[in-house]
Amino acid sequence: MDLLELMAKRRSVRKFTDEPLSQEQLDRILDAGLLAPTSMNRRPCTFYAVTDKDTLAEISACKKAGGTFIKDAPAAIVVFGDEAKADTWMEDTSIALSFMMLEAESIGISTCFVQIAFRKGQDGSDAEDNLRSLFHVPQSYRISGILALGKADQKPAPYDTAKLDRSCIVKI
Ligand SMILES: Cc1cc2nc3c(=O)[nH]c(=O)nc-3n(C[C@H](O)[C@H](O)[C@H](O)COP(=O)(O)O)c2cc1C
């Protein structure tokens with residue numbers, strides 16, 4: 001399948017089957033994260049690949065809304081970007097998340113990006129602080145988002161490239 005077709009097929013999935021990811025699937029997806037470019041090749045990212053059910057439930061409790069489905073996902077990858085290493089942590093982590101999304105899609109695993117930076121926890125706390133505490137990482141470890149992963153139970157239809165809204169494109 002060509003890359004554009006794969007991108008059209010990728011949709012955010014928030015309801016997964018119980019089927020676990022194989023170690024090989026998880027490793028391929030993590031390799032994609034490692035292959036992502038980073039500014040000045042500073043590589044500030046640390047990847048926590050989580051399949052432990054209790055930890056998945058704890059991750060989902062770190063954010064007030066929009067990520068509760070992580071507790072029922074077979075896996076999640078939390079990407080920390082060390083701002084002490086790179087002021088581009090936001091871009092570096094987001095590109096790594098995007099690469100992993102596409103590799104996952106290519107092997108039949110669906111994903112959803114869950115926003116963490118600038119989001120609240122359940123009790124008005126900070127979602128990033130909650131995750132840093134959970135994983136015992138330093139304050140300089142920032143988190144743009146988490147990738148929820150699994151086999152889709154419900155998946156929206158692929159995009160039709162013929163119907164893309166091209167009004168936001170300016171060609172000069
Ligand atoms: C930066 C970013 C943050 C997102 N945060 C969340 C989130 O916190 N919770 C969620 O359910 N979906 C989240 N999404 C998924 C978007 O809602 C989704 O990508 C968008 O509605 C388009 O749908 P599609 O991914 O199926 O094309 C996020 C996506 C991006 C790119």
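At what angle do helix H3 and helix H5 pack, and how far apart are their axes? The views below are of a predicted model, in which local features need pLDDT of at least 70, side-chain atom pairs count only at pLDDT 80 or more, and totals for chains, interfaces and linings use all residues. Residues are numbered from 1 along each chain as its sequence is written, and side-chain values use heavy atoms, with hydrogens and water left out.

**View A. Helix H3 packs against helix H5.** H3 covers residues 53-60 and H5 covers residues 127-135; helices are DSSP runs (H or I, at least four residues), numbered from the N terminus. The angle is about 155° and the axes are 10 Å apart, where axes are lines fitted to C-alpha atoms over the stretch in contact and angles run from 0 to 180 degrees between N-to-C directions. H3 and H5 are therefore roughly antiparallel (over 145 degrees).

**View B. Residues surround the ligand.** Among them are Arg11, Lys63, Phe69 and Cys112, and a residue counts if one of its heavy atoms lies within 4 Å.

**View C. Arg10, Gln115 and Tyr159 face ligand oxygen atoms.** A side-chain N or O atom lies 2.9 Å from a ligand oxygen atom in Arg10 and 2.4 Å in Tyr159. For Gln115, a backbone N or O atom lies 3.0 Å from a ligand oxygen atom. A polar contact is a pair of N or O atoms within 3.5 Å.

How values were computed. Polar contact = N/O pair within 3.5 Å; in protein donor to acceptor, adjacent residues only side chain to side chain. Helix = DSSP H or I, 4+ residues; strand = E, 2+ residues; numbered from the N terminus. Parallel < 35°, antiparallel > 145°, perpendicular 65-115°, else oblique.
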